[in-house]
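Q: I would like to go through this structure step by step. Could you help me read it?

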Amino acid sequence: MFIPEASNSAHYVDTTFWVIVVISAVLLVGVTSAMLFLIFRYNRRRGAKAEQVQGGTALEIIWTVIPVVLVLVMFVIGEKSFRLIRSVPREVMTVRVDARQWSWMFGYDNGLRSDQLRVPLGKPVKLRLSSADVLHSFYIPAFRIKEDCVPGMETYLWFTPQQQGSFDIFCTEYCGLGHSGMLAKVLVMPEKEFTDWYTGSGAKGNRGLQLLQEKGCLGCHTTDGTPKVGPTFKGIYGRTVTVITAGKERTIAVDGDYLKRSILDPGADMVKDFPPVMPKIPVTPEELEAIEDSLEHLR
Amino acid sequence: MPAESMATPEKSYLEDGGRFRGLFSWIFTTDHKRIGILYLTSVFSFFAIGVILGLLMRLSLIEPGRFMSERTYNSLFTVHGVIQIFLFIIPGIPASFGNFFLPIHLGARDVAFPRLNIFSWWLYITGGAILILSIFLPGGAPDTGWTFYAPYSIRTTSNVSLAASGIFIVGFSSILTGLNFVTTIHRMRAPGMKWFRMPLFIWSLYATAWTQILATPVLAITLLLLILERSFGIGFFEPLKGGDPIMFEHLFWMYSHPAVYIMILPAMGVVSEIFPVFSRKNIFGYKAVAFSSLGIAFFGYLVWGHHMFTSGMSDISRVIFSLITFLVAVPSGIKVFNWIATMYKGSVRVDSPLLFCLAFIFLFSIAGLTGLIIGTLSLNLYLHGTYFIVGHFHYTMFGGAGFGFFAGLHYWFPKMFGRMFNERAAKTAWFIMFIGFNILYFSMFLLGLQGMPRRYFQYLPQFRTNHILSTIGSWILALGLLIMFGNLIRALFRGEKAPANPWGGSTLEWTLPSPPSRENFRETPVVKGGPYTFG
């Protein structure tokens, strides 16, 4: 195939794909060569004279019945593999997938949150999908699975990863400005490594940075100096920027108060030349302090 | 010789503008032929805009960020889709060739409601103008994709309401044209023109017209609800207010899937005209072709859910929609087999109209077969929302409806304008377009299989090669289009005078001079046999 077959569903999907592609290729070659043969054989330049054939009931029946049978075969194998892909086994690890413009967040049963989907090799995983704002679609090509994340309801997917490594996650339902940047990775790791991560890594590292990741801020703001949908966080503290406040432009130096205000009320002072699209994301006062603190030190 | 004894040469419809002169003799005309030409020029003008937007998108995709911003790109794919679908393909063949040839094919002097006919064009051009306006007014061009999925389309600040109003108005033009055609076909057939003596183009227009009448109101309601929701925050589709975004998808596709058949059926009608003429033989299986049009139109209503296999609707509804989707493929297959069989024991002349039909069959077959792939439930989970879909519907809409349109354009050009085009240039253009088309869109299938999502401004490195290939294809295709239209425009002014029947056609338009007179027929023709009799 064109990309790795990294899950149980990938195998069903690819088998179905090749069966249908082979039938289709035979039909296409048949139709095209019949067309070319007739053009050549009955060409007027070769002196062909037309005979008025009106049609043929037998032929009409044949080329109605055979396609009906063929498409029913395709339907049945497609439906069968679909059912396998949709039937969730009983023993399954559940991960919550929260989609928002324009980031993914994965929540585990023990309260762990991560912006990459980490899963153990060979164990079935069920994803419970939801969206905080508009439609998104959760897609892992290497696993051949996809389902929309719909605001106001929950949808699901499941898979058993069968290959260790890191695979792309895309959003495939157009969701606005940053749609093509709404990417993540699924990291398939050996069970032991996964358990270590799942139980061990708690609140280590920089709390503020972790929050920036968890809240999805890094979907639009980078920490390496390149502007994305919003301005970069690198060296933001003390930077002089032009903002638009209530329709009027003014120049300010970024300080702690400004950063907090921008998180609590993103529309208040919009940095010029960036789209006014930042959502209000709930934060506790303690989290706000931690984020502000880490931004202050991002140089 | 006394002047009286000479038959006064009748003025053609191009010279005889009726009550008005100049531009007014066109925009206030009630002559179905002039209205057909009005539509022809308007749809191709919008087509040109749509093509340029498409080329710009492909340009941006060689090196994202270099030529335009993400915001601009998102508007480009939205407006490209809206223009090509609502202003080009949907009105395309029915409103231009349909208006011009439907009354003539039936042996009538005009459609049933000539004034309604010109009113429809006015609605179309007004709606089109509003749509174009929505690109330039403050707020910015719509950025939702042509599907306007809620709740994003409710929340965005771009000019979605204006664009939706434009489409709403264009929709009424489509409904009224459908109404006019159905009435004309029922009431205005010449003596002896029984149902099964009608040209197959008319059968396809008949099926299309019913779909236009019955399906378009659903679109109108959907857009109206969207506009109301945007203006007053009513909450039909916004989940925060108790609305349902999936209901929007149902309503949208309840129209937009039948609309796919509004787009493709008339092209199939054109192809059904051309095969007999260039084979000098009756169509193989007239009734099978006629009834398959009705079959497609009927089943076309019941398959909209296949656009929503990953939307979150119930698994049982996915299974049902998949089953019907597979069945709707059968009547299209029947048509393809009958067209090909028409050449059997014929006397085939491969001129440009037939070349476009052969390309139609090849490209439409790929479209149909890839349609089976994405209609398969398990494969849809993999390929939905990727470039595979983009490739598939461009093969259907452009390779199918578009090439069918070009086939008709070359076939009927001499009749409509009284001039012949350069055949060699037409063939060259056809060849370049065919090559460019396949490079442009086949690479999209490969991109889809690699997992490249659609509507992406930027992409990961593994997709780069196929994106560049696709863009190169777009330039080749554009070159072919330029040659084709250049050749036809040149022919308008410098082409040789066309004889009444350059291709040896047997339907009624070929009994008239090229171009026909304003009244079409001096005396109402009496029809004695089927449409494709070559002797």
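Q: How far apart are the centres of domain 2 and domain 3 of chain A?
A: The centres of domain 2 of chain A and domain 3 of chain A, taken over C-alpha atoms, are separated by 26 Å. The domain bounds come from an automatic or database domain assignment. This is a predicted model, in which local features need pLDDT of at least 70, side-chain atom pairs count only at pLDDT 80 or more, and totals for chains, interfaces and linings use all residues. Residues are numbered from 1 along each chain as its sequence is written, while chains are lettered from A and ligands numbered from 1 in the order in which they are written.

Q: Where are the domains of chain A?
A: The assignment gives domain 1 (8-45 + 54-86), domain 2 (93-200) and domain 3 (207-296).

Q: And how many residues of domain 2 are in contact with domain 3 of chain A?
A: Twelve residues of domain 2 of chain A are in contact with ten residues of domain 3 of chain A; contact means that the C-beta atoms of two residues, placed from the backbone, lie within 7 Å.

Q: New topic: which strands form the open sheet in chain A?
A: Five strands form it, in the order β4-β10-β9-β6-β7 (chain A), with mixed pairing. Strands are DSSP runs of E with at least two residues, helices are runs of H or I with at least four, and both are numbered from the N terminus. Two strands pair if DSSP finds at least two bridges between them.

Q: Which are the edge strands?
A: They are β4 (117-120) and β7 (145-149) of chain A, each of which pairs on one side only.

Q: How many bridges join β6 to β7(A)?
A: Five bridges join strand β6 (residues 136-140) of chain A to β7(A), and the two run antiparallel. Within this pair, A:Ser137 has A:Asp148 in β7(A) as its bridge partner.

Q: What about chain B: how many residues of chain A are in contact with chain B?
A: 69 residues of chain A are in contact with 73 residues of chain B. The largest share of the chain A side, 16 residues, comes from α2(A). That side divides into 40 nonpolar, 17 polar and twelve charged residues. Here Ala, Val, Leu, Ile, Met, Phe, Trp, Tyr, Cys and Pro count as nonpolar, Asp, Glu, Lys and Arg as charged, and the others, Gly among them, as polar.

Q: Lastly, what box do the C-alpha atoms of chain A fill?
A: Taken along the principal axes, the box is roughly 90 × 50 × 30 Å.
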